[in-house]
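Please read this briefing alongside the sequence and the coordinates.

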Amino acid sequence: MSAPAPDFRSGFAALVGRPNVGKSTLLNALVGTKLSIVTPRPQTTRHRILGVVTLPQAQIAFVDTPGLHARASRALNKAMNRTAAAALEAADLVVLVVEALAWTSEDELVLARLARSGRPAIAAVNKIDRVRPRAQLLPYLGELGARHPFLALVPLSALKADNVPDLCATIAAHLPVAPAMFPDGELTDRGLNFRIAEMIREKLTLELNQEVPYGIAVEVERLAEEDGQLSVDAAIWVDREGQKPIVIGARGERLKRVGRAARLALNGLLGRRLHLNLWVKVRENWADNARALRELGVE
Ligand SMILES: Nc1nc2c(ncn2[C@@H]2O[C@H](COP(=O)(O)OP(=O)(O)O)[C@@H](O)[C@H]2O)c(=O)[nH]1
Ligand SMILES: [Mg+2]
């Protein structure tokens, strides 16, 4: 291996923004693999997710965060806001993710947090695939630039992986000169149990109606090598007895669909065959209970 370049740059870049602007989709596009789960529902991301991009001249440790949101009344939502705020404070650089042509009071709230942190910031203007003609973006970019002294405004589409390398290059140029923090090829600090649990939660969230997903947590209880495949027992925690039949579905059909979808996605992602056993368990009001949150890994 050659010696690191003397002007190699590295640091943490936090992806912050209101729920649903595409932070997790962007993290996955940046890293080139699915590390963070994505659904059309706000507040899908509950944890801090690290995704490392190593370039010839720089290493960027991206941190995907739960969306900062107003009206956080449950313990779970408060913990999610704390996680996002902590990542923002610890970052060398902040990437504020916004949705092209949209600006809401929740964006305003996140920007206020960012301004208070005093961190250097870049704005990633996401979902430009929806903007036709593209010239419509210009006044929006002008207004955004007037709201805060961003180092740069980068229009992109995380979904179509359009202009994502430009964001990397712009961030890299603004990181401190420092050696790499992670070995080349290391993409995340999250282990297999976490990634399996999250994939199950994604498939479940996609299946469920409006109300239930916020009361769902998934925990891998056993993971073992058996006959050349991974055998996984996972618990799906609901916070009320009444949600159990909703998750299981008539004759267990819904749970079967979730298991099948998660298994197929994980087969592709991990390049391994796996066998999934899912159980639905009740833990009353876990989302309001600080101890239960810690036990379920929500920091
Ligand atoms: N059209 C379009 N949709 C996107 C784009 N990026 C994300 N989305 C969608 O926006 C929704 C929320 O995405 P997600 O990454 O979970 O947002 P987060 O809550 O900020 O992490 C999902 O339905 C994504 O497919 C994009 O570039 N274009
Ligand atoms: Mg997310």
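This is a predicted model: local features need pLDDT of at least 70, side-chain atom pairs count only at pLDDT 80 or more; totals for chains, interfaces and linings use all residues.

**Strand E1 and its partners**

- Strand E1, which spans residues 9-16, has 6 of its 8 residues buried, so E1 is largely enclosed by the rest of the structure.
- With strand E3 (residues 58-64), E1 pairs in the parallel sense over 7 bridges, and within this pairing Ala 13 is found opposite Phe 62 of E3.
- E1 also pairs in the parallel sense with strand E4 (residues 93-99), here over 4 bridges, and Val 16 is found opposite Leu 96 of E4.
- When neighbours within four places in sequence are left aside, the contacts of Val 16 include Leu 96 as well as Val 94, and they also include Thr 65, Leu 68, Ala 84, Leu 88, Val 110 and Leu 114.

**Helix H5**

- Helix H5 covers residues 164-173, and among its residues Leu 167, Ile 171 and Ala 172 are buried. These residues lie on the same side of H5, because they cover an arc of only 130 degrees around the axis.
- The partners against which the buried residues of H5 pack are E1, E3 and E4, together with strand E5 (121-126) and strand E6 (152-155).

**The open sheet E7-E8-E9**

- An open sheet is formed by 3 strands in the order E7-E8-E9, with mixed pairing. Its edge strands are E7 (217-226) and E9 (274-282), each of which pairs on one side only, and the twist from one strand to the next averages 15 degrees.
- Strand E8, residues 229-238, pairs with E9 in the parallel sense over 9 bridges, and Asp 233 has Asn 277 in E9 as its bridge partner.
- Helix H6 (residues 192-207) lies across both E7 and E8, and its direction makes an angle of about 125 degrees with E7.

**The nonpolar core**

- In soluble globular proteins, nonpolar side chains tend to be buried together.
- In this model the largest nonpolar core contains 77 residues, and those with the most contacts inside it are Ala 14, Val 16, Val 94, Leu 96 and Ile 236.
- This core takes at least three residues from domain 1 (9-173) and at least three from domain 2 (192-295).

Conventions
Residues are numbered from 1 along each chain as its sequence is written. Chains are lettered from A and ligands numbered from 1 in the order in which they are written. Two strands pair if DSSP finds at least two bridges between them. Helices (H or I, at least four residues) and strands (E, at least two) are DSSP runs, numbered from the N terminus. Axes are lines fitted to C-alpha atoms, for helices over the stretch in contact, and angles run from 0 to 180 degrees between N-to-C directions. Two residues are in contact if their C-beta atoms, placed from the backbone, lie within 7 Å. A nonpolar core is a set of buried Ala, Val, Leu, Ile, Met, Phe, Trp, Tyr and Cys residues joined through C-beta atoms within 7 Å. A residue is buried if 20 or more other C-beta atoms lie within 10 Å of its own, exposed if 12 or fewer, and partly exposed in between; C-beta atoms are placed from the backbone. Domain bounds come from an automatic or database domain assignment. The arc is that of the directions from the helix axis to the C-beta atoms.
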